[in-house]
Amino acid sequence: MQAVQLTDHGGREVLTYGEVPDPEPDADEVLVDVRAGALNHLDVWTRRGLPGLDLDFPHIPGSDAAGVVTAVGSEVTRFEPGDHVTVWAGVSCGSCEFCRRGEPTLCVDYHVLGEHVPGVHAEQIAVPEDNLLPVPEGVDWSTAAAAPLVFGTAWRMLIERGDLSAGESVLVLGASGGVGHAAVQIAAHAGCEVFATAGTAEKRAYAAEIGADHTIDYTEDDFARAVRAETGERGVDVVVDHVGADTWDDSLRALARGGRVLTCGATTGGRPQTNLDRIFWSQLSVIGSTMAAPGTAERACQSVWDGTFEVRIRETLPMSRVARGHELLEGREGFGKVVVVPDGAYDG
Ligand SMILES: NC(=O)c1ccc[n+]([C@@H]2O[C@H](COP(=O)([O-])OP(=O)(O)OC[C@H]3O[C@@H](n4cnc5c(N)ncnc54)[C@H](OP(=O)(O)O)[C@@H]3O)[C@@H](O)[C@H]2O)c1
Ligand SMILES: [Zn+2]
């Protein structure tokens, strides 16, 4: 079968698409015929290499993919051939202190399919049944593939970790990205007043379409000052910051007293200067969040499947052109998710 492969860490030239052995499912695994996959910024980090990430090359990347079950191992109970499924990429040990208390994302051995272990951007995949979520028939493959990681992560971050309440004000940075566009929709649906930053007028218009009440061009305006001006100098209750070093200080400036900043990523770097005076004097909370429990991801996805939330697709590419997909993410071109389809199933 054909699969996307990283031949090494490096630039986009290390991405190839070629022949690999067909996967054979273990007893607890499900064989899936992949109809679509989706890129996350994580695919860029994995390609470039991360501290402590020691991969065997060639490495199949990819954390999001959806398709049809073609076979199941002898221990599989939840799925059967013909079912439509999508991947949930988080893997936890099930036995450490944190797993036992029902917090799988705090697992001491937490890892992610496609990052630490082979991923799912291939024609066929064999994955543990614990890493699959059911998809109702009728949900299109791009939506099924692109929803789990970003809607699961954003739901965990805003609803579970951030404890959002109706009537609160929320600023979402990078609203054009995968996590950002999920966060805008979740905050709007929770009954919050949503502020969103995005880098172009077109992206701001899309952010407004999916639920942002106010949009800010951070390339033109100081977004913290803009938010304070819009809120009568009060600031917002919550900031969602996955951008990192470039925005961190302004995220704190945009918060109201007693506000909370939620972080799940640091696209521009993870070592920002921070203003401790502001954190203790204004009694701010810094709340980290990573991935989600499978049940949380399934809950978030149900609201995609039923049409409450929508996955915006910035471009659909054959897997052999995955390097172009990385270019879209790295160049901040477009709005929403990049979908990659096995070349044999690509009809675009
Ligand atoms: N911890 C977790 O579980 C978890 C899960 C998912 C993602 N993440 C992390 O969260 C981050 C976002 O992931 P993603 O997949 O949503 O990425 P993405 O789709 O590539 O979106 C990133 C967005 O960030 C914005 N951005 C980039 N540089 C910026 C800058 N200098 N200033 C302001 N905005 C900037 C861009 O918006 P504009 O075009 O408007 O500039 C872009 O749309 C990544 O770092 C990723 O690793 C973590
Ligand atoms: Zn564990």
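**View 1. Ligand 1 and the residues around it.** Of the 28 residues around ligand 1, those that come nearest are His-41, Ser-176, Lys-203, Tyr-218 and Met-291; a residue is near if one of its heavy atoms lies within 4 Å of the molecule. This is a predicted model, in which local features need pLDDT of at least 70, side-chain atom pairs count only at pLDDT 80 or more, and totals for chains, interfaces and linings use all residues. Residues are numbered from 1 along each chain as its sequence is written, chains are lettered from A and ligands numbered from 1 in the order in which they are written, and side-chain values use heavy atoms, with hydrogens and water left out.

The shell divides into 10 nonpolar, 14 polar and 4 charged residues. Here Ala, Val, Leu, Ile, Met, Phe, Trp, Tyr, Cys and Pro are nonpolar, Asp, Glu, Lys and Arg charged, and the others, Gly among them, polar.

**View 2. Polar contacts of ligand 1.** A polar contact with the ligand is a pair of N or O atoms within 3.5 Å. His-41 places a polar side-chain atom 2.6 Å from a ligand oxygen atom. At Gly-199, a polar backbone atom is 2.8 Å from an oxygen atom of ligand 1. Asp-246 has a polar side-chain atom 3.2 Å from a nitrogen atom of the ligand. Taken alone, ligand 1 exposes 910 Å², and the protein buries 92% of that (Shrake-Rupley method, 1.4 Å probe).

**View 3. The two domains.** The protein chain is divided into domain 1 (2-148 + 292-345) and domain 2 (163-288), with bounds from an automatic or database domain assignment. Their centres, taken over C-alpha atoms, are 28 Å apart. The contact (heavy atoms within 4.5 Å) takes 13 residues from domain 1 and 16 residues from domain 2. Each domain gives at least three residues to the shell around ligand 1.

**View 4. Helix H1 (41-48)****.** Helices are DSSP runs of H or I with at least four residues, and strands are E runs of at least two, numbered from the N terminus. Leu-42, Asp-43, Val-44, Thr-46 and Arg-47 of H1 are buried, that is, under 20% relative accessible area (1.4 Å probe, protein chains only). Their cover includes strand E1 (2-6) and helix H10 (322-330). Gly-49 follows H1, with a positive phi near 100°.

View 5. Phe-57 and Pro-58 are joined by a cis peptide bond, omega about -5°. Pro-58 sits in the loop between H1 and strand E4 (64-72). Met-291, not a glycine, has a positive phi near 45°. Met-291 is buried, at 8% relative accessibility.

Definitions and conventions: A polar contact is a pair of N or O atoms within 3.5 Å; within protein, one must be able to donate a hydrogen and the other to accept it, and residues adjacent in sequence count only if both atoms are side-chain atoms. Buried means under 20% relative accessible area, exposed over 50%, partly exposed in between (1.4 Å probe, protein chains only).
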